Amino acid sequence: MVVELQINNSLDPRARFVSWAPSPCRVGMTDPSGATTPTVNVQITGRSISGGGQVLFRRDTTGSFSSSLTLPVPRNGTPVPFFTAGRFGRPSINNGDVTIEARAGTTLIGSVPVMVRIRKNANRLTPGERDRLVAAFAELNDRGMGRFADFRDMHTARSDGEAHEGPGFLPWHRTYVLDLERELQAIDPGVALPYWRFDQPAPNIFRREFMGLSDSIGTVLFSPTNPLQFWVTDGRPGIVRRPSFNTATQPALVISEAATLALGPRYRDFRGRMQDNPHGRAHTSFGGSSVIRVIGTAARDPLFFLLHCNVDRLWARWQRQNNRFDPAQAASYDSTGATRVGHRLPDTMWPWNGITGDPRPPTAPGGGLASSRTAGAPGPQPRVRDTLDYQGRLNVASRMGFDYDDVPFA
C-alpha cells in the first residue's frame, strides 16, 4: 500500500515549503495493495531532525492544529485534502529537515521532506543560513550582470512617487521585498530573506562574513570567502556604507520597536509616522556618501533589503496587534486624499503592471512579480489591496507564502 503526499497541492519539490499560515495539501492512494475496505485510515504526522522545523495539521480551513491527523483515504485514488503549517517557534534551519509521514497502522506508506521556511532575525542566523543567503545574493547580482540589476532599477529617484509618495509605501515595499525573495529562492529554495532589526545591536550582520564591515572611509570589507566581495551595481564595484553608530554595540538611530507599534491603531497614522522614524532614520543612520542613505542609490546595498524586510515585519506585527488585514476597513488601509495612481486599493502597482509614461516612470524593469510554487498570491500584477491579507486569514487564496519568526498565524 502506498500513498502520495502533495504539499501546497503539488508534487513539485519546489512546493515543499510551509510557513506559520496553513498550506493546502492532499493525500491520495497510488497503490491500494493490501487494502480490504473502500477507505483506509491514514495517520499523518511530522518527524523532525534535531533542531529542525516542526509541522502541525488540520483537516479544514478552520479549527485547531494538532501534531497528528487521521484521514479516511479512498483506495480508488481520490485525494483527500488537509492543511499543514509550521509550529510557531520551530522554524527549519535546513531544507527538508522535517518529514511528513503517512502510516496505515504502524506501517509507513508515504513520506515527503519539507521545510518550515521563515523570515528570521538576520543577527541570529546560523552560519549555514547566512552563507546560503549571501551566495544567493551574489549569484543574483553576478558581478553586476545578473537579474539583480532589475531590482536596482526599480528603486530609483524616478520611482520615488510609486514607492514613497503616498499610502502605498508599505504595500509597494512588501511586494518589492517579496519579488526579490522569490528570485533568491529560484537560486536556492531554502533561503528566506532575513530582517535587520535596527532598533537592537546587530554585530553579527556587520561582519566581513555577512553584510560586511566598514572601514574608516566607508568602504565595506568582506572576508575572502564571502562572494559579496564581488558586488557590482551601476558599473561600480563595492559598497560604500558609513554607519553613524557603533555596529558592534549600538542600534541604528531609530525609535524602539515598542514605540513604533504604538504610533497609532489606524493605518494613516502608523504609516505616516513610521515612514519617517524608524524607516527613514534607519536609512540616515549611515552618513557621508553611504549609498543606503539616499532613495536614488539605496538599493545598491544588499543591506537595504534586510532593512526593508524589517519595515515589512513591523507592519505585519502592527497588523496582527490591531487586526488590520481587511482592506475594506479604513483603519487597515486609508488612501483618502491620495493624489498619485498606484496608492489606492484597486490600483495595480508599477513596475509589475508594466505601465510606463507619465505619471508612471518611463520604464518598467523586471516584468511581472515572480511566481511561487508555494503560493499563488498576489499574482504577477498585484494591486495594493492584494498585499494586506498576506497570511490568508480572511481568504486562504490571499496567502503570499512568507512569515516572520515573531509574528504567529494563530
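Predicted model: local features only at pLDDT ≥ 70, side-chain atom pairs only at ≥ 80, totals over all residues.

Biologist: How many helices and strands are in the protein chain?
Modeller: Seven helices and 15 strands. Both are DSSP runs numbered from the N terminus: helices are H or I with at least four residues, strands E with at least two.

Biologist: What is the radius of gyration of the protein chain?
Modeller: The protein chain has 22 Å. That agrees with a compact globule of 410 residues, which would have a value near 22 Å. The radius is taken over C-alpha atoms, and the globule rule is 2.2 Å times the number of residues to the power 0.38.

Biologist: And what box do the C-alpha atoms fill?
Modeller: Roughly 75 × 50 × 40 Å, along the principal axes.

Biologist: How much of the chain is buried?
Modeller: 56% of the 410 residues. Buried means under 20% relative accessible area, exposed over 50%, and partly exposed in between (1.4 Å probe, protein chains only).

Biologist: On to the rings. How many aromatic pairs are there?
Modeller: The search of the whole structure finds 26. Rings of Phe, Tyr and Trp (its six-membered ring) pair if their centres lie within 6.5 Å; planes under 30 degrees apart are stacked, over 60 edge-to-face, the rest tilted.
Modeller: One of them is F137 with F305, a tilted pair at 6.3 Å centre to centre and 45° between the planes.

Biologist: Why does the pair of F137 and F305 tie together separate parts?
Modeller: F137 lies in helix α1 (residues 127–141) and F305 in helix α7 (residues 303–322), so the pair joins parts 168 residues apart in sequence. Both residues are buried.

Biologist: What about Y267 and Y333?
Modeller: Also a tilted pair: 4.8 Å centre to centre, 40° between the planes. Y267 lies in helix α6 (residues 267–283) and Y333 in the segment after α7, so that pair ties together parts 66 residues apart in sequence. Y267 and Y333 are both buried.

Biologist: Which rings link into a cluster?
Modeller: F137, F148, F151, W172, Y176, W231, F304, F305 and W352, through ring pairs.

Biologist: Which ring does R119 lie over?
Modeller: R119 lies over the face of F402, 4.0 Å from the ring centre. The charged end of R393 sits over the ring of F409, 5.2 Å from its centre. The test is NZ of Lys or CZ of Arg within 6 Å of the ring centre and within 35 degrees of the ring normal.

Notes
Residues numbered from 1 in each chain as written. Heavy atoms only, no water.
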